Amino acid sequence: MQDPIAVSLIIDGVDVRAPSNGCVFEANCSVASQDDKILIQGADPNLCVLAVESCSRAFQKWKKTSPERRRKLLQRLAQLIRDRADEIRSLIESEIDSSRQWSEINLEAALDLVEEMAALVTSETMAGSIPVTNNRKAQPMIFKEPLGVVLGIAPWNSPLVLGLRAVVPPIAAGNTAILKGSELSPRIHYYIAKLFQEAGFPPGVLNFILHRPQDASLTFESMISHPAVRKCNFTGSTPVGKLIASRAAAVLKPVLLELGGKNFAIVMEDADLDKAAQLILAGAFLNNGQICMSTDIVLVSRPILPEFRERLLSLLDNASSDVTNVITQKSCSRLQSLLEDAESKGAVLTKGTNKNKPPIPATLIEGLTPEMDFYHSESFGPLLGIMAFDKDEEALRIVNSCPFGLSAAIFTRNHFHGIQLARELNDGAIHINGSTVHDEATLPHGGRGDSGWGRFGAHWGLQEFLQTKTIILNR
């Protein structure tokens, strides 16, 4: 039997293993068979405080580091990612049981993110301003400064790019950061922290922690309540996001939240049905539907429903060929419960077939009604519901009555009409003739309502980790 793979914490540039603290645990990352045993060093409150204090010390120098120096380090980080592309893709695929397509998307998005942040470090985004004043004997000046220590909590489902997104913008803005990785993708998140070391970032600029699932509340409390931690960003589920926001508010710490989505696609009567069917299925089944932007429900103009249904069914097997295992047995059971509930209430289920024979195959849910649990719940799995609508107002009402508001899609040949409809939807991003699963390093990304608040991406994301200081010079 092979020796277990050990995943350490990283604090102040040193790998930390503290088995005596009783927090070492074994990873249980997927319902797929795991050839490797992975032992994770979990953090306790004492180690969390050490990580925060290390970041706090490093911040005193890092905040004064020149923008040019920060840019060069970020460029070096991007080059390391490019040089290790094959290794990174293989690690993603094995750890979260993803397709090559998804690992490629992660890699390219990660490179775009780091390079965009490197470019923005020396842009006017970081600059202050000189506002107008009525006092001719005074001159106000507005400076932008980093916040301090930022806690970034990353999810497992897009481990490379979302792990980097949790910490690269804060660090580019002059903050120091703690990456709180996921126990479902511990090796990828540890790998990110090691890349920062190899790129030459000083010790303490980025520290890395993991913890046992049952220690989540205790470790978060020890960090968010520490005076040096000035902000938290979290990407993950809405229930956990609400807990994080409430506790951070109690200690007056701002948060940036990118949470779940119940994402709709609307197919108008004049849509290109072939294009719509392909993009909707891709948006529903990429990475087994385990993406916050995944398409959950497609609303179809009633006159074209029979024809559009046939297009979906004809493409189902091919579109679902890369569907593998959802991340845990718990997820599998939850999805199975949604399917059983829908079927018991009159839904018709059509399951795709592929060589992987996953326990939860790509599934179309027809006859969807509001009485079904799937109608209201984010599936976060390879499930797609279909409903008809008669008028624009009905489609808008269905989408806007959903408490989530992350991503939506509209398919129509009338672009002006599409923009008019998009302006009426309560979502962070609306894609006209595109998939709900789309994000770029140059765009703002985030949601409304139960999908969170604040924005990652480009200068919007960088500004999330800057604060303003007003200095007024008087004669």
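The structure is a predicted model, in which local features need pLDDT of at least 70 and side-chain atom pairs count only at pLDDT 80 or more, while totals for chains, interfaces and linings use all residues. Residues are numbered from 1 along each chain as its sequence is written, and side-chain values use heavy atoms, with hydrogens and water left out.

The chain holds 15 helices and 22 strands, where helices (H or I, at least four residues) and strands (E, at least two) are DSSP runs numbered from the N terminus. Along its principal axes the C-alpha trace spans about 75 × 70 × 40 Å. A compact globule of 475 residues would have a radius of gyration near 23 Å, and the 23 Å of the chain agrees with this; the radius is taken over C-alpha atoms, and the globule rule is 2.2 Å times the number of residues to the power 0.38. Of the 475 residues, 56% count as buried, a term that means under 20% relative accessible area, with exposed over 50% and partly exposed in between (1.4 Å probe, protein chains only). Among contacts (heavy atoms within 4.5 Å) between residues at least 6 apart in sequence, 75% join residues at least 24 apart.

The chain is divided into domain 1 (5-259 + 452-474) and domain 2 (263-446), with bounds that come from an automatic or database domain assignment. The domain centres, taken over C-alpha atoms, are separated by 31 Å, and 28 residues of domain 1 are in contact with 24 residues of domain 2.

Turning to the pockets, the search uses a 1 Å grid over the protein atoms alone: a cavity is a set of points where a 1.4 Å probe fits but cannot get out, a pocket is an open set with protein on both sides within 12 Å along at least five of seven lines, and lining residues have an atom within 4 Å of a point. Grid points are joined across faces, edges and corners, and a volume is the space filled by probe spheres set on the points.

The largest pocket has a volume of about 1400 Å³. Of the 45 residues that line the largest pocket, Glu183, Phe234, Gly236, Ser237 and Val240 are the closest to its centre, and the elements that give two or more residues to this lining are β4 (24-26), α7 (216-224), β10 (229-235), α8 (238-250) and α11 (329-344). Both domain 1 and domain 2 give residues to the lining of the largest pocket, so it lies between them.

The second largest pocket holds about 780 Å³ of space. Its lining has 40 residues, of which Trp102, Ile105, Met293, Val437 and Asp439 are the closest to the centre. Helix α4 gives the most to this lining, with seven residues.

In α7, the buried residues are Thr219, Phe220, Ser222, Met223 and Ile224, and what covers them includes α1 (45-62), β7 (149-153), β8 (176-180), β9 (206-209), β10 and α8. Asp341 is found in helix α11 and is buried, with a relative accessible area of 13%. Leaving aside neighbours within four places in sequence, Asp341 is in contact with Met372 and Asp373.
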